[in-house]
Structures are given as structure tokens and as C-alpha cells.
Amino acid sequence: MLAARDEKEGFGMEHEKLSRRGFVALTGAASLGALLAACGGGEEAGAPATTEAPPETEAPPETEAPPATTEEAPPATTEEAPAGPKFDPESEPDGPVEVFEWVGYDNAEDTAAFMWKTYDEGPYGQKSPLKFTFLENDQQALAKVASGYSPEVIHPCIAYWRDFDAAGLLQPFDTSLLPDYEGIPEAIRAAGVHPETGLVYHVPFDIGFSALTYRADKIQISPEEESWSILLNPEYEGKIGIFSDDAAIIKIGALINAGEPINPNKLTTEQIQAAKETMIKAKPQIRTFWGSQTDTVNDFVNGNLWATYTWPDGYWSIKNHGKMKDVEVRYMSPKEGRLAWTCGLVLHAEAKHPGRATLAVAATNTPAASAALTDVYQYGGAQQNGVQELIQNKELITAFSLDDPAAFAPPKAWFEEYLPNRKEYVDAAAEVKAA
Amino acid sequence: MATTATPVIEAPRRRKWGRRAREQSSGYALSAPAVAVLLVFFLLPIYFIVRYSIGLDRFAKTEAAAELTGELAGFSTELWRNFLGEGAEIALLGKSSAALHLPMYVVGIVFVVLVLGAVFGKRLSARFGGWIVGGSFFLLLAPFMTIPAGNNLLRLAELESGGDFLRLFFRSVTMATTSSVWAVAMAFPIAYFLAFGIRKSKYTWLLVVIAPFLTSYLLRVFAWKLILGDQGLINSALFELGLRDPDNALSFLIYSQFTVILVLLYAWVPFLILPIFIALENMDRRLLEAGTDLGASRLQTFRKVTLPIAAPGIVAAFLFVFIPSMGEYITPSLVGGNTGYMFGQAIWVQFVGGTLNWQTGSVLSIFLLGVVLFLTFTTSKFLRQGGGATA
């Protein structure tokens, strides 16, 4: 007994030296310490891995442009051109220029053949080759870049570049390195200019419509009767697909409610709530809120959908699909107006090669690149200077009204804009999805 | 005697302590990486998510960005209050005016009583313990079971609340419960057949059952889309047989809650066969012989011997499906459509979609984690109590 007690106590003494609880605490402390040390190292290296905002002094002077709501911003002067930054590509170190590009442009051969061709063949194509990573949507891109990922060139759409800027992630371009910039129509490029500093932050590259592609044999309406309101028609129950983008859902609801062209980017709280109610009523007709256009194209050609929200390339894929050869497929031009978008390229605040990255952006803005964009992807190019003559498939010009400027302007099309009240759109759309 | 005996006893004891200490140290050393991983990749993220959920951290780095995301700037329980909503009550037996409306606290009390009954039922009554456990389980699960009805599912109970996400959570619970119960119901006979029906090469048969799952999950889900589509295998067959008009396909087959449950079932059944098979395979067969010798019928032997022994495996299998199904994101995204939207998708949207509102996403994540931890805790308690083995 004594021996057994001694043994137990002896063991207990050992136990006290390193109890389980102590061991776990010790391991935890060591792991935490190691992790914090690693985080600290990351910060020193300039990677904003944590959610804390970096000290303002760490940002380069160009990135300290105040956020849109700041009243201390220097007043924009319309008379004199604002003095932008000056980059010297020659003095920049060699090394790859990383581009955060849309996943649709991931066919390297196609894009290299036209989009970045001038840069690849230029003086820096070998010294600073382009290296690509791919994004799936604007929100995901913003989340990644805000979390510390630092590509030099990013491809957000017009409604989102201000979010990148507000997070201190962008710097303006040196427009002297963008020789074709003036060829972009003023109406398109204006949205990429900072409203307070007048500096160019977003160089538009691709534009296009967002509208319903539908089967004329199932949805029997004349082109004059085309309207977003088919979403409320119970004859099409479970036969319509809509893009899962929150703002788009509410904009469509607002256009249905109006029954005529109204700017869906300028909705009041009441209009947003009414749009939400309308889209909840439309839910029986909506079979999918799709996240990938490829999926909705497959659903359409396989008969699961009679109408679906697509971009121009989606319509073109459906129209030319083998299963649709005996079916009349139309790209709707609703009486309330199509939705439309512009995407373009921005420069990261911490770009190591701002000059060379700008030259890469310039390559995407050539008329040849713009024409090839239409031929390969059926999108319109932001660059429109002499582009139509270069487009090889002339059928695309009429199919997407590329020769009709009115088709790209209200009341026929509503290009997306920066939404100061985007949260209201998103919250309302979340209710539609969860209803 | 005593002076000579002491060193004889102490010498080997010291050696024994030394060995134990070494064994203990090496045990700690071996488990240290796992503990470190647990702390760094489980507890630390939870700590940060909790901070986000109460407004102590936010995604937006600047005030301007925060205005867009609508995130809170300091400690607040507002997001939690929004999540829970107001006027939450459970409507039993449908949504009609005849439905029985119960306040949440009543439902909560009943729920806790049933959980306690399931966990401690056998202790309460030696004679009716098994019935208490079984009855509690049935009453816990029944309100969350669903029946396909068109593109939606009929439920015994519906949550009515001002909180959109809470309603969505309830809907996800019902879908996860239905798929889990059916998965267990389908897996049990197969496991039973493998354990008792096959004499030779049973492990080869087990491999055959699992073989389709050596291919990509996404590939298999897309295959279901081809089978269940409006012009898919099933509908085409119905058209060919003249049982259905081509313009009037069975639309609930694809992009519905039914589809999500079906695909989850398909995905999980093979994995459930394993734990149930192991529970049955490890059973002492002499107990079955003893039951027969004592005059019990096969059904009685199954109910009194086999089922209680397999109960821990069944419960573990249920949770094995239920927990991942609750946070399921991929399957409803691919085949759920508009009606099969689940809680996991809502969490994803908050983190990488919409306004990037990580604070709201964190509230949803913490709530889901809490429910899963509660279930895991009560289940482990249930299994420790004997898991119905003596019922």
C-alpha cells in the first residue's frame, strides 16, 4: 500500500511538473507566439496580412488620395489637366508583372494573341513578362487584394474600382504612357476618373450588355413586347435563370416596377424595397440564381431554362450551340432598357513596376486588341477608334449593335455605376434569395 | 529487515517512474504538433471570428469602405439581435391559420427535455429506458423531417421569424435532417447485409460499394444534372413512354430542395456504411444465438440485441452526414437552384460576395459552429452513457 501510494504520489509529482493543462497551455502559447511572430514578420515585409489598416505614412504619396466622402480632398479643377504621376519604365527593376485577370480570359493563347500582344512584343515583354492569376468576381478580387495579395494590375468592373481605392489599394496611371486612351469615348472613360482629384484610376477595356437570352418558340412575344416583366408571368414558372449578382437582382426588380426606362443605379430606399418585393414575387419563375455563365448556358441548351440573363458571349454560345440549331434564340432588348457593364484595369498602390504595368494596360487599349476582343469573346471594346473596320466577323457588329451608339446609352442601356448605397441593394437581394 | 528491504523496493520504483516519465514526455511530444495545429487552425480562427461577430474587427480598412460594407466600428450585439430577429415562433402542422403557433422558449424547453431524455433516458427507467431514448429521438427528429412537394418540401414545423438568416438556418436544418435520416436508413440494410449476409470476400464487396466514389465529386454531381434535367434520362424516358408531355417535364427533379437532398444522400450513403458495418461486424454473434436459444424471434433479436449494439454506430453515422450537410455549400450551389438555397451559401456570400460583410458572416458561422458543437457534445454524452446498448 505504502509503495503504491508512494508510486502514485511520485507520479503525481511528475504530473505536476507537466500537467495536461499546462502542456496544452504551453503548446498554445508557443504556437501563438510563433504565429504572432510570423504575422509581425509579414507586416515588416509590407504585406498587410491582418485587418488592421496600415499606417498612412507607409502608403506611397499617390495612394493617399482621400476617400470619396472626405471633404478635405483638393477641389477638382476642370480648366487645367491634373498633374498625374510620371513613371519611368526603363528605371524599373526586371521581374514579372502580375495581372489579376477575369477567369473568362484564362485561355492564355487567345488573350496573349491580342490582348497583351503589343506589350509582349515590346521592349519589356521579356524583361518583365506578364504573369496571370484569375478572379471570379469583383467582390472576391477585392477580398483577396484587401487581405494582402498584391498583383500589379487588376481587372475590376466600373462599380468596384472605387472600393479598391477607398481601401487605399490603388494609385493613378501616368496617362502619357497610354497613347490610345483618348480613343475611348468620353462617356465610357469618365467613370474611371477620380471625381475629386481628376486622376485616371481605371482604364476601361471591355464593355457589354446584360440581358435575357430567350427561346422565341417558348416565350412567344414580339421584339416590341420584350420586357423584364416576363419574370412575373406564371406561364414561365421555373424556366428563367438570373445572375446571382445582388445589385443586378434589385435593378431588374426596379425596372419591372417602373415599366419604363429609369436609371436603376439611382434607386431610393423605397424603390429598392419595392424592387425586392417584386423579385420575391418573381421567384416561382426563377429556377436558378446562377454564379457561372457556363452553367446557365448548359441549362439553357439542355432545356432546363427558356430564358436566362447572359452577357453577349453567353447569348452567342447559346445561339450557335448545336442543340439550338432549330430554335430561334433572341437577345432581349427590353422596353425598360438592358443592363450594361464596363470593366477595366487598375494599378495596385504597391506595384513594383508601375511604368511597365501601365504599358501592359496600354496594350489592351489598342484598336487591334479591341477588335479582337469582339471577334474572340463577342464583347465590345472600350476602345472604339477605328475598331469596326478591324472586326473580322461583321455579323457581331449588328448582333450587338456595335454600330449604334444609341444602343449603349440610356434609355436603351443602363451602364453600371458606383453605388454609394450598395449595401441597401445587397441586403434587399439577400432577402430575395433567402425568401 | 526494514533497512534491507527499503532499497530493494525503491530501486525498481525509481526506474519505473523514470520510464513512465519518459513515456509521458514522448506522448506529449508526439501529440504536440496535433495540439498546435488545433490551437492555431481551430481556436485562433474562432477567436477572430468571435471578434468580428461583435464588431471588434471588420473587413473594411477605412471609414469610406466601412460605409459600403455597413460594418460596425465597435463592440455591439446588434448583428446577433438582427440574426435572431423578433417574434420568432414555431408553427406546427404547416403554415395555415389552423397551425399551432408555439413561442420559441416553449420549443426550447421541449427540445432540452427531449435531448436529456435521449441522453439520460436509460438511467431514468431501467424498464422503459429504451423507449424513452427512442421516443425522444423520434420527437427530436420528426419536426425537422420533410416530404417532397413540387419544387419545395412540406415540413411538419415552420419557423416564423423576422430574421431572414434564422429562417434559412431552420430550412437548412430540415434539409440536412431529412438527408441524414434517409442516408442512415439506406446505409443500415447494406451494412447489415455486408456484415451478416456475406460469408466470403465481404471487404471486396465493401470496396465495390465505395468504388464509384473514387471519381471526382463534381463529376458525379454533374452526372446527376444530366439524369435529372428536364430533358434528362428520367424525363426523356417518361416522354418516350408517353407518361409525360415534353412541355410538362417533372421539374422538381432538378434545382429543388429535393435534388439537394437526393445528391447529399447519394454522396454520403457509402461513407455511412462503414461505421455501421464496423459496429455490426464487431458484435458478439453468440448474443444472437443466445437470443434465439431463449425463444426470441428474429425480429425480437434484431430489436433487443442487434439494434441497441449498433446504436452508437447509427448515431455516429447520422452526425457524420448531418454536420457537414448543415454547412453544405457546393451541392446546393450546383443543383439547389433558387429553392434549394442553404445556410452555407449565405455564409459564403457574406465573406466573398455582396458587400463583403465579414461581421455578419462571422455571426452566421459562430451560430452554426455552436449548434454543431452542442450536437457533438450531446452525442458523445449519449455514446458514453452506453448509446442504447442496454436498452
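The structure described here is a predicted model. An α-helix has 3.6 residues a turn, so residues three or four places apart point the same way. Over all chains, the count of aromatic pairs comes to 44. For B:Trp268 and B:Phe271, the ring centres are 6.1 Å apart and the planes meet at 65°, so this pair is edge-to-face. With a relative accessible area of 17%, B:Trp268 is buried, whereas B:Phe271, at 35%, is partly exposed.

In chain A, one aromatic cluster is formed by A:Tyr105, A:Phe205, A:Trp341, A:Tyr377 and A:Tyr379. Aromatic rings of this chain also take part in arrangements with arginine: the charged end of A:Arg338 sits over the ring of A:Phe209, 4.5 Å from its centre, and that of A:Arg189 sits over the ring of A:Tyr181 at 5.4 Å from the ring centre.

A:Tyr377, a member of the cluster, also belongs to the buried residues of helix α13 of chain A, together with A:Pro367, A:Ala369, A:Ser370, A:Ala371, A:Ala372, A:Leu373 and A:Thr374. Because eight of the 11 residues of this helix (residues 367-377) are buried, the helix is largely enclosed by the rest of the structure. The residue that follows α13(A) is A:Gln378, which is found in the loop between α13 and β11 (380-381) of chain A. Although A:Gln378 is not a glycine, its phi is positive, at about 65°, and with a relative accessibility of 12% the residue counts as buried.

A single disulfide is counted over all chains, formed by A:Cys157 and A:Cys343 with their sulfur atoms 1.8 Å apart. The pair links distant parts of the chain, 186 residues apart, with A:Cys157 placed in the loop between β3 (153-154) and α6 (161-166) of chain A and A:Cys343 in strand β10 (residues 338-348) of chain A. Since the torsion about the S-S bond is about 60°, the disulfide is right-handed.

Apart from neighbours within four places in sequence, A:Glu226 is in contact with A:Tyr214, A:Ile221, A:Arg330, A:Tyr331, A:Met332, A:Ser333, A:Pro334 and A:Lys335. Among these residues, A:Tyr214 is joined to A:Glu226 by a polar contact of 2.5 Å between the side chains, while the backbone nitrogen of A:Ser333 is reached by the side chain of A:Glu226 at 2.8 Å. The C-alpha atoms of A:Glu226 and A:Glu336 are separated by 8.9 Å, the two residues being 110 residues apart along the chain.

Finally, the peptide bond from A:Pro410 to A:Pro411 is cis, with omega near 5°, and A:Pro411 has its place in the loop between α14 (394-399) and β12 (413-415) of chain A.

Methods
Residues numbered from 1 in each chain as written. Chains lettered and ligands numbered in written order. Predicted model: local features only at pLDDT ≥ 70, side-chain atom pairs only at ≥ 80, totals over all residues. Heavy atoms only, no water. Phe/Tyr/Trp six-rings, centres within 6.5 Å; stacked < 30°, edge-to-face > 60°. Buried < 20%, exposed > 50% of the residue type's maximum accessible area, 1.4 Å probe, protein only. Lys NZ or Arg CZ within 6 Å of the ring centre and 35° of its normal. Helix = DSSP H or I, 4+ residues; strand = E, 2+ residues; numbered from the N terminus. Contact = heavy atoms within 4.5 Å. Polar contact = N/O pair within 3.5 Å; in protein donor to acceptor, adjacent residues only side chain to side chain. Disulfide = S-S within 2.5 Å.
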